[in-house]
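Thanks for passing this one along.

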Amino acid sequence: MAQSVFIRKSESGKGMWKYHILALVTALIWSTTFVSTKVLLNEGMTPETIFVTRFAIAYLLIICIFHSKLMADSLKDEALLCLAGLTGGSLYFLTENTALKFTYASNVSILISATPLLTIALSAWVFRQKFHKSMLFGSLLALSGVALVVFNGNATFKVAPIGDLLTLAAAMCWASYSVVLKYLGNHSYSTLFITRKVFFYGLVSMLLYLPFSGVEYDFHLLSKPEVYGNILFLGVVASFGCFIVWNRIVEELGPDKANNYIYISPLGTITTAIIFLHEPITWMALIGAAITICGVVIVERLR
């Protein structure tokens, strides 16, 4: 039902091109966050403290502009919003940022491109949608591209399985977040309300986790320009701004169409990783990235 609502809105509305442009810009901005997070990790911050700081900044900003509605209309909807905060917030960023400790930023971005495939599969299971056999070719093509990226041209096959698996777990979290948004799509909740709830539950769940993680917050790191510059970018731009815009995009275009723009994320990350992190990129990784993107695009078009 929620999917049909999304489809009707996107097909019947006028001027939808602006949401496609916003989706493209947002995806490009998010593609650079892998590199920005990698810089913070190299400076001594942890995935947990990075997440808490950026979401705290985003939550404080959004509560200043929207605080009129406190709770959802039902306990079920409130539970779904909590789930959205976990899958689109703490669990997603914890798995993604931890993956950056074990693998290249470009690898993380490329493997995240599996998100649209996982979204389609999860939607098919939750909403009892048919997964047509014609999608098999595109899925296998995308998976073969992922394999090339994981090997990254290393003849001895020294891969980073922990980082790669954590990245795929992050992709599954975002796919689940998209499905939850489908459920919430046919309700009258505003984009600001949903986004504020995502920030709140994501932040609370991570704060509850911190005492058991053994992680200590080193506030002295915030005095370093490399740290506070990237933190402000992640908190103000990539979290506060992009989450509001993205949730609006999903509302207008639908999660499947919106997630199409995740395909261009590896291109932005590879470029920034080469420029700022000097990461080695092999031809096999580039070919794998192209194959992965082609595969998921084929799946979406066939769908």
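1. A word on angles before the first helix pair: axes are lines fitted to C-alpha atoms, for helices over the stretch in contact, and angles run from 0 to 180 degrees between N-to-C directions. With that in hand, take helix α3 (residues 47–65) and helix α4 (residues 75–99), whose axes cross at roughly 140 degrees and come within 9 Å. The two helices α3 and α4 are therefore oblique to each other. Please keep in mind throughout that this is a predicted model.

2. Staying with this pair, α3 and α4 make a right-handed crossing. Which residues make the contact? On the α3 side they are Pro47, Glu48, Ile50, Phe51, Arg54 and Phe55, and on the α4 side Gly88, Gly89, Ser90, Phe93, Leu94, Asn97 and Thr98. Sorted by class, the residues where α3 touches α4 are 6 nonpolar, 5 polar and 2 charged.

3. Helix α3 also packs on helix α9 (residues 191–213), with an angle of about 145 degrees and axes 9 Å apart. Here the crossing of α3 with α9 is left-handed. The contact of α3 with α9 counts 18 nonpolar, 3 polar and 2 charged residues.

4. Next, have a look at helix α8 (residues 161–184) and helix α10 (residues 225–253). Their axes lie 11 Å apart, and the packing angle is about 55 degrees. Angles under 35 degrees count as roughly parallel and 65 to 115 as roughly perpendicular, so α8 and α10 are oblique to each other. As for handedness, α8 crosses α10 in the right-handed sense.

5. What does α8 bring to its contact with α10? Trp174, Tyr177 and Leu181 come from α8, and they meet Phe243, Trp246, Asn247 and Val250 of α10. In this contact of α8 with α10 there are 6 nonpolar residues, 1 polar residue and no charged ones.

6. Stepping back to the whole chain, you will find 13 helices and 0 strands. The order along the sequence is accordingly written as α-α-α-α-α-α-α-α-α-α-α-α-α. Of the 303 residues in the chain, 52% are buried. Among contacts between residues at least 6 apart in sequence, 91% join residues at least 24 apart.

7. Phe276 sits in helix α12 (residues 265–277). Is Phe276 buried or exposed? Its relative accessible area is 58%, and exposed means over 50%, so Phe276 is exposed. Between the C-alpha atoms of Phe276 and Val35 the separation is 7.7 Å, although the two residues are 241 apart along the chain.

8. Gly44 is partly exposed because its relative accessible area is 46%. How far along the chain is Leu221 from Gly44? The two are 177 residues apart, while their C-alpha atoms are separated by 7.6 Å.

9. With a relative accessible area of 38%, Ala121 is partly exposed. Ala121 and Ala175 are 54 residues apart in sequence, and from C-alpha to C-alpha they are 9.1 Å apart.

10. Finally, the cysteines. A disulfide is a pair of cysteine sulfur atoms within 2.5 Å, and by this rule the count is 0 disulfides. Cys173 has a relative accessibility of 12% and so counts as buried. Cys294, in turn, counts as partly exposed because its relative accessibility is 43%.

Key
Residues numbered from 1 in each chain as written. Predicted model: local features only at pLDDT ≥ 70, side-chain atom pairs only at ≥ 80, totals over all residues. Heavy atoms only, no water. Helix = DSSP H or I, 4+ residues; strand = E, 2+ residues; numbered from the N terminus. Parallel < 35°, antiparallel > 145°, perpendicular 65-115°, else oblique. Left-handed = near helix turned anticlockwise from the far one by under 90°. Contact = heavy atoms within 4.5 Å. Nonpolar A, V, L, I, M, F, W, Y, C, P; charged D, E, K, R; others polar. Buried < 20%, exposed > 50% of the residue type's maximum accessible area, 1.4 Å probe, protein only.
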